[in-house]
Amino acid sequence: MADAIFDGNNLNIILPNIGSFDVQKELYSAWKDWVQISDNSKFPPAFDTTGGDNVGGGQRIAPYFFCRNDLGWKIKMPQADGEIVVFGNLFPRSSNLTLFEQTSGFDAFLRLEVSTRAIVVEVGTSGVTEQDKQDIIDGVWNKTLP
């Protein structure tokens with residue numbers, strides 16, 4: 001899907017079309033790229049985030065993204081009718097303020113798909129240490145202790 005479009009003057013994060021959006025890639029990372037262009041860093045931050053910390057065993061805390069609606073940012077629906085699916089842990093910084101704004105004259109249905117897990121297991125790692133591997137090879141765990 002296409003990246004979100006940022007309108008710093010109006011503090012709008014515009015979803016360019018109907019479809020699916022990955023919060024981390026097409027909103028948060030797109031914003032980080034946008035901030036580096038021209039003088040876009042003069043605008044208040046659109047997002048902050050937490051998570052990604054390693055908790056051992058090949059696991060990390062799932063990333064959470066907070067749209068800074070407390071600073072005036074809002075996510076504006078596209079000029080189209082249809083369904084929008086936003087994947088990722090996206091939350092408003094202030095639960096008392098609106099995060100999403102419908103575009104007048106269009107009917108866009110929004111579905112947020114958030115993770116139910118606070119921990120993400122890294123793919124491609126087993127959590128087995130080099131010493132564990134050697135102990136398995138040596139049969140240490142199968143030996144009877146005195």
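What follows is a dialogue on how terms are applied to a predicted model of a protein.

Visitor: What are the ground rules for the values?

Guide: Because the model is predicted, local features need pLDDT of at least 70 and side-chain atom pairs count only at pLDDT 80 or more, while totals for chains, interfaces and linings use all residues. Residues are numbered from 1 along each chain as its sequence is written, and side-chain values use heavy atoms, with hydrogens and water left out.

Visitor: How many helices and strands does the protein have, and what makes a run count as one?

Guide: There are two helices and 13 strands. Both kinds are DSSP runs numbered from the N terminus: helices are H or I with at least four residues, strands are E with at least two.

Visitor: What makes β1 and β11 edge strands?

Guide: An open sheet of four strands has the order β1-β2-β8-β11, with mixed pairing. Its edge strands, β1 (5–7) and β11 (100–101), each pair on one side only.

Visitor: How do you know that β1 and β2 pair?

Guide: Strands pair if DSSP finds at least two bridges between them. Three bridges join β1 to β2 (residues 12–14), and the two run antiparallel. In β2, I13 is the bridge partner of F6.

Visitor: Why is the pair of Y28 and F65 called tilted?

Guide: Rings of Phe, Tyr and Trp (its six-membered ring) pair if their centres lie within 6.5 Å; planes under 30 degrees apart are stacked, over 60 edge-to-face, and the rest tilted. The centres of Y28 and F65 are 5.1 Å apart and their planes stand at 45°, so this pair is tilted. Y28 sits in helix α1 (residues 23–35) and F65 in strand β7 (residues 64–67), 37 residues apart. By the ring rule there are 10 aromatic pairs, and F6, W34, F43 and W73 form one aromatic cluster.

Visitor: Why is R68 called buried, but D48 partly exposed?

Guide: Buried means under 20% relative accessible area, exposed over 50%, and partly exposed in between (1.4 Å probe, protein chains only). R68 has 15%, so it is buried. D48 has 22%, so it counts as partly exposed. Of the 146 residues in the protein, 29% are buried, Y28 and F65 among them.

Visitor: What makes R68 and D48 a salt bridge?

Guide: The rule asks for a side-chain nitrogen of Lys or Arg within 4 Å of a carboxyl oxygen of Asp or Glu. For R68 and D48 the closest N and O atoms are 3.3 Å apart. R68 lies in the loop between β7 and β8 (74–76) and D48 in strand β4 (residues 47–50), so the pair ties together parts 20 residues apart in sequence. The count is seven salt bridges.

Visitor: Which residue other than R68 meets D48 in a salt bridge?

Guide: R93 does, at 2.6 Å from N to O. R93 is in the loop between β10 (90–92) and β11, 45 residues from D48. At 36% relative accessibility, R93 counts as partly exposed. D48, R68, D70 and R93 are linked in a network of salt bridges.

Visitor: How do you know that R93 lies over the face of F66?

Guide: A charge sits over a ring if NZ of Lys or CZ of Arg is within 6 Å of the ring centre and within 35 degrees of the ring normal. R93 lies over the face of F66, at 3.9 Å from the ring centre.

Visitor: What does the salt bridge between E101 and K76 tie together?

Guide: The closest N and O atoms of E101 and K76 are 3.0 Å apart. E101 lies in strand β11 and K76 in strand β8, so the pair ties together parts 25 residues apart in sequence.
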